[in-house]
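Please look over the fold, the helices and the charged pairs of the protein shown here.

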Amino acid sequence: AATREGDAQAAAAFASESVFAHNDMLCGNVLVDDNSDAIQLIDFEYGSYNFRAYDIANHFVEYAGFDGDWGRHHPDRAAMLTFLRPYVLATGRAAVSDAFFNELIEWVCRFCLATHLFWGLWSIMQAMHSPIDFDFLDYARLRFVGYYYTKGMYSHLFFEH
């Protein structure tokens with residue numbers, strides 16, 4: 001039990017660490033060179049310090065693209081682990097337990113709600129002020145639908161049993 005508690009604390013600290021974050025990890029901002037498998041991130045206009053779990057959650061939420069099919073595109077636990085294991089190891093952490101990853105996933109899932117709220121509110125502001133020809137209000141609607149969809153998926157994380 002002490003190890004599990006230590007893993008939970010370590011995952012919470014890792015998730016809530018303030019790091020330089022991209023904050024807009026949609027697929028159009030990730031370039032992959034098919035010849036070398038090199039990855040290049042672009043468009044850092046929203047880059048700033050943020051919680052590590054927020055940026056990871058934003059990456060997962062953006063799997064749905066602009067169509068907002070959250071049920072079809074939101075990654076399942078296995079897909080999250082496929083991303084998180086090499087990510088965590090690349091930060092220099094060694095010998096990370098399954099309990100650590102289970103807790104980290106829970107933190108990331110909580111932050112999925114925050115990303116939906118941020119982009120929904122951002123879209124409302126853009127609808128009022130942006131000269132870009134884009135249906136920002138519909139995009140806000142999609143993000144708020146995503147918020148409620150995600151809240152339903154992860155509501156067990158917010159309430160004690």
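The report below goes from the overall fold to individual helices, salt bridges and a surface patch.

## Overall fold

This is a predicted model, and in it the protein has six helices and four strands, which follow one another along the sequence in the pattern α-β-β-β-β-α-α-α-α-α. The radius of gyration is 17 Å, close to the 15 Å that the globule rule gives for 161 residues, so the protein is as compact as a globular protein of that length. Taken along the principal axes, the box filled by the C-alpha atoms is roughly 55 × 45 × 30 Å.

Of the 161 residues, 38% count as buried, and the protein exposes about 9300 Å², of which carbon and sulfur atoms supply 59%. Among contacts between residues at least 6 apart in sequence, 69% join residues at least 24 apart.

Helix α4 covers residues 77-90, and its 14 residues reach 20 Å from the first C-alpha to the last, close to the 20 Å expected at 1.5 Å a residue. The buried residues of α4 are Met80, Leu81, Leu84 and Val88, and the helix is followed by glycine 92, whose phi is positive, near 100 degrees.

## Salt bridges

The structure holds six salt bridges, one of which joins the side chains of arginine 85 and aspartate 98 at 3.2 Å, N to O. This pair links distant parts of the chain, with arginine 85 in helix α4 and aspartate 98 in helix α5 (residues 98-129), 13 residues apart. Arginine 85 counts as partly exposed because its relative accessibility is 32%, which falls between the 20% and 50% cut-offs.

Two further bridges lie within single helices. In the first, glutamate 106 and arginine 110 meet at 4.0 Å, N to O, and because they are four residues apart in helix α5, about one helical turn separates them. In the second, arginine 141 and aspartate 138 meet at 2.9 Å, N to O; both lie in helix α6 (residues 136-154), three residues apart. Arginine 141 is partly exposed, with a relative accessible area of 44%, and aspartate 138 is partly exposed at 31%.

## A nonpolar surface patch

Phe20, Val32, Ile39, Leu41, Phe44 and Tyr49 form a nonpolar patch on the surface, and together they have about 640 Å² of accessible area. Of these residues, leucine 41 lies in strand β3 (residues 39-41) and counts as partly exposed, at 32% relative accessibility.

Methods: Residues numbered from 1 in each chain as written. Predicted model: local features only at pLDDT ≥ 70, side-chain atom pairs only at ≥ 80, totals over all residues. Heavy atoms only, no water. Patch = residues over 30% accessible without salt bridge, like charges linked within 9 Å, V, L, I, M, F, W, Y side chains within 5 Å. Areas by Shrake-Rupley, 256 points an atom, 1.4 Å probe, with all protein chains shown as cover. Helix = DSSP H or I, 4+ residues; strand = E, 2+ residues; numbered from the N terminus. Buried < 20%, exposed > 50% of the residue type's maximum accessible area, 1.4 Å probe, protein only. Expected span 1.5 Å × (residues − 1). Rg over C-alpha atoms; globule rule 2.2 N^0.38 Å. Contact = heavy atoms within 4.5 Å.
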